[in-house]
Amino acid sequence: MYIYQSSGLPDVLIGEPADIGNLSYKHVNEIFSWDDLHDKGINDFFFYEGEYRIAKNRSLCGMYGEIGDKQSAKVIRCERGSILLVIADVRPDSPTYLKCAMIYCDYKNEKTVYCPRGLVFGFLTKSKNVSVRVKYENKYDSKNEIITCPFDPSLNINWGKEPVIISAKDKFAPTIKEIEKRKLFQKKQENSILLHQFS
């Protein structure tokens, strides 16, 4: 069983196993249960799972989201190694617009993070040989993906002072303001999650 708590953003939830530290070879380690999220009022179903495999420490990936009615809720988990996971609210009508949640995840603390539609996520590897699994509400399609610059000053994310390894695609991605001019962050209305459910 996972116990989900609110993070720095009201509708981003951090799940931790209720029995961490009590595992044995006879114990089945539950890593995801839809019922645990359903108890928090979340009715999203996750039909697709993808994996990021990163070999080098201090590798920066993100920030990733989807456009328009292709937005997808996600469940994110670090399976191997460790990461600093950052989730940013880019919904212009949200009271937490441009606010970020920063969550340290690794294979030991077994945290699972729920990210609702309309937010973007990225992560910085804190070790070598990292595996990050992401459950998606909709099947991943690169044509629907949108990338925002992780160094966008409006997000003010502290990635640390040491140099990072980052692809040109992510490093030179457009800022939030540039994306908003193209009106790509129009949120999906149907089955959207309300902020007050998690406050």
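This is a predicted model: local features need pLDDT of at least 70, side-chain atom pairs count only at pLDDT 80 or more; totals for chains, interfaces and linings use all residues.
Strand β8, residues 112–115, is covered on both faces. Thr112 and Tyr114 are buried on one side, and Val113 and Cys115 are buried on the other. Strand β8 pairs with β2 and with β5, as the table sets out.

| Partner of β8 | Residues | Bridges to β8 | Direction | Residues standing opposite |
|---|---|---|---|---|
| β2 | 13–17 | three | antiparallel | Leu13 and Tyr114 |
| β5 | 74–80 | four | antiparallel | Arg77 and Thr112 |

**Leu119 in strand β9**

Leu119 belongs to strand β9, which covers residues 119–125. Leu119 counts as buried because its relative accessible area is 2%, where the cut-off is under 20%. Beyond its neighbours up to four places away in sequence, Leu119 touches Leu9, Val12, Tyr64, Gly65, Lys74, Ile87, Ala88, Asp89, Val90 and Arg91. Between Leu119 and Gln71 there are 48 residues in sequence, yet their C-alpha atoms are 8.7 Å apart in space.

**The second largest pocket**

The second largest pocket has a volume of about 160 Å³. Its lining consists of 15 residues, of which Glu66, Lys70, Lys139, Tyr140 and Asp141 are the closest to the centre. Strand β4, residues 60–66, supplies the largest share of this lining, with three residues. By class, the lining comprises six charged, five nonpolar and four polar residues.

How values were computed: Residues are numbered from 1 along each chain as its sequence is written. Side-chain values use heavy atoms; hydrogens and water are left out. Buried means under 20% relative accessible area, exposed over 50%, partly exposed in between (1.4 Å probe, protein chains only). Helices (H or I, at least four residues) and strands (E, at least two) are DSSP runs, numbered from the N terminus. Two strands pair if DSSP finds at least two bridges between them. Contact means heavy atoms within 4.5 Å. On a 1 Å grid over the protein atoms alone, a cavity is a set of points where a 1.4 Å probe fits but cannot get out, and a pocket is an open set with protein on both sides within 12 Å along at least five of seven lines; lining residues have an atom within 4 Å of a point. Grid points are joined across faces, edges and corners, and a volume is the space filled by probe spheres set on the points. Ala, Val, Leu, Ile, Met, Phe, Trp, Tyr, Cys and Pro count as nonpolar, Asp, Glu, Lys and Arg as charged, and the others, Gly among them, as polar.
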